[in-house]
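Please examine the chain shown below, for which a set of questions and answers has been prepared.

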Amino acid sequence: MAMRSLLSRKTLTLGSGFGVLGALSRHARNLQTFTLPDLPYDYGALEPAISGQIMQIHHQKHHQTYITNYNKALQQLHEAMEKGDASTVVKLQSAIKFNGGGHVNHSIFWKCLAPTHEGGGEPPKGSLGWAIDTDFGSLESLVQKMNTEGAALQGSGWVWLGLDKELKKLVIETTGNQDPLVTKGPNLIPLLGIDVWEHAYYLQYKNVRPDYLKNIWKVVNWKYASELYQKECPPTSGR
């Protein structure tokens with residue numbers, strides 16, 4: 001499957017400023033609609049770590065549902081703003097946050113994975129590798145901490161490896177439901193995000209989330225994370 005950009009520039013702008021009503025309102029007024037992005041690999045390309053059946057359902061059903069509901073909520077927001085219906089505008093914020101967050105998070109998630117023959121699972125090198133050793137002691141310690149945090153998250157959500165741009169430091173955070181990482185701090189940039197909703201693993205791993213977290217590292221796209229880290233935290237910054 002040909003590689004396509006997972007997020008448009010406008011979508012990325014929305015993701016980086018998520019939760020800001022003014023940005024959402026501008027998008028609503030422009031009546032921009034969002035569409036399901038292609039995956040940069042075939043559904044079965046991540047096997048045996050993640051089955052093709054899971055990837056297809058996750059992408060075509062779950063991600064598509066977030067996009068459908070997000071577009072619907074934005075349309076309703078547009079109509080409410082034209083009518084000056086402040087009450088409806090406020091009510092729609094939870095739907096926009098949840099479904100918009102689902103779109104933003106999943107668009108990141110697909111890029112955080114890669115088939116093994118395309119480098120999936122290969123350890124990070126260069127500046128990100130050094131940063132991981134500095135902030136966590138080793139890659140193994142980072143993986144263990146993320147797995148522990150992800151397994152302990154109650155209900156549904158995400159576990160993230162992020163970059164605090166202000167502190168120039170790597171952080172591990174969890175978010176509930178479909179909250180993007182930026183909800184934990186405006187300076188946080190997601191380098192890797194792992195979906196720990198049951199729909200991401202249940203068909204293959206049943207209720208054993210730790211097994212899913214253990215195996216997903218075999219297809220983690222560290223090249224993507226490294227390139228993003230270098231862009232956001234270049235060597236000249238003193239790192």
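The questions below concern a predicted model, and each is followed by a reasoned answer.

Q: Which residues does UniProt list for "binding site"?
A: The UniProt entry is unreviewed, and its annotations may be inferred rather than shown by experiment. Under "binding site" the entry lists His-58, His-106, Asp-195 and His-199.

Q: What is the largest C-alpha distance among the residues listed for "binding site" in UniProt?
A: The UniProt positions in question are His-58, His-106, Asp-195 and His-199. They are spread over 142 residues of sequence, yet they cluster in space. Their largest C-alpha distance is 12.2 Å.

Q: Is His-58 buried or exposed?
A: His-58 is placed in helix H3, which covers residues 52-83. Leaving aside residues up to four places away in sequence, His-58 touches His-63, His-106, Phe-109, Trp-110, Asp-195, His-199 and Ala-200. A residue counts as buried when its relative accessible area is under 20%. The value for His-58 is 1%, so His-58 is buried.

Q: What is the relative accessibility of Asp-195?
A: Asp-195 is found in strand S3. Beyond residues up to four places away in sequence, the contacts of Asp-195 are His-58, His-106, Phe-109, Gly-157, Trp-158, Ala-200 and Tyr-212. Asp-195 counts as buried, with a relative accessibility of 0%.

Q: Which residue's side chain is joined to that of Asp-195 by a polar contact of 3.2 Å?
A: Asp-195 touches several residues, including His-58, His-106 and Phe-109. The polar contact of 3.2 Å joins the side chain of Asp-195 to that of His-106.

Q: How many residues apart in sequence are the parts tied together by Lys-97 and Asp-179?
A: The side chains of Lys-97 and Asp-179 meet in a salt bridge, with an N to O distance of 3.7 Å. Because Lys-97 belongs to helix H5 and Asp-179 to the loop between S2 and S3, the parts tied together are 82 residues apart.

Q: Is Glu-232 buried or partly exposed?
A: Glu-232 forms a salt bridge with Lys-165, in which the closest N and O atoms are 3.0 Å apart. Since Glu-232 lies in helix H10 and Lys-165 in the loop between S1 and S2, the pair ties together parts 67 residues apart in sequence. Lys-165 is partly exposed, at 32% relative accessible area. Glu-232 has 18% relative accessibility and therefore counts as buried.

Q: Where does Glu-173 lie?
A: Glu-173 and Lys-184 form a salt bridge whose closest N and O atoms are 3.5 Å apart. This pair links distant parts of the chain, 11 residues apart: Lys-184 is in the loop between S2 and S3, and Glu-173 is in strand S2.

Q: Which strands are included in what covers the buried residues of H10?
A: Helix H10 spans residues 222-232, and its buried residues are Trp-222, Tyr-224, Ala-225, Ser-226, Leu-228, Tyr-229 and Glu-232. The cover over them includes helices H5, H6 and H7. It also includes strands S1 (157-164), S2 (169-176) and S3 (188-195).

Q: Which residues touch the most other members of the largest nonpolar core?
A: The largest nonpolar core has 55 residues. Apart from it lies another core of 10 residues, among them Phe-34, Ala-73, Ala-80 and Leu-92. Within the largest core, the residues that touch the most other members are Leu-161, Leu-170 and Trp-222.

Key
Residues numbered from 1 in each chain as written. Predicted model: local features only at pLDDT ≥ 70, side-chain atom pairs only at ≥ 80, totals over all residues. Heavy atoms only, no water. Buried < 20%, exposed > 50% of the residue type's maximum accessible area, 1.4 Å probe, protein only. Helix = DSSP H or I, 4+ residues; strand = E, 2+ residues; numbered from the N terminus. Contact = heavy atoms within 4.5 Å. Core = buried A, V, L, I, M, F, W, Y, C linked by side-chain atoms within 4.5 Å. Salt bridge = Lys/Arg side-chain N within 4 Å of Asp/Glu carboxyl O. Polar contact = N/O pair within 3.5 Å; in protein donor to acceptor, adjacent residues only side chain to side chain.
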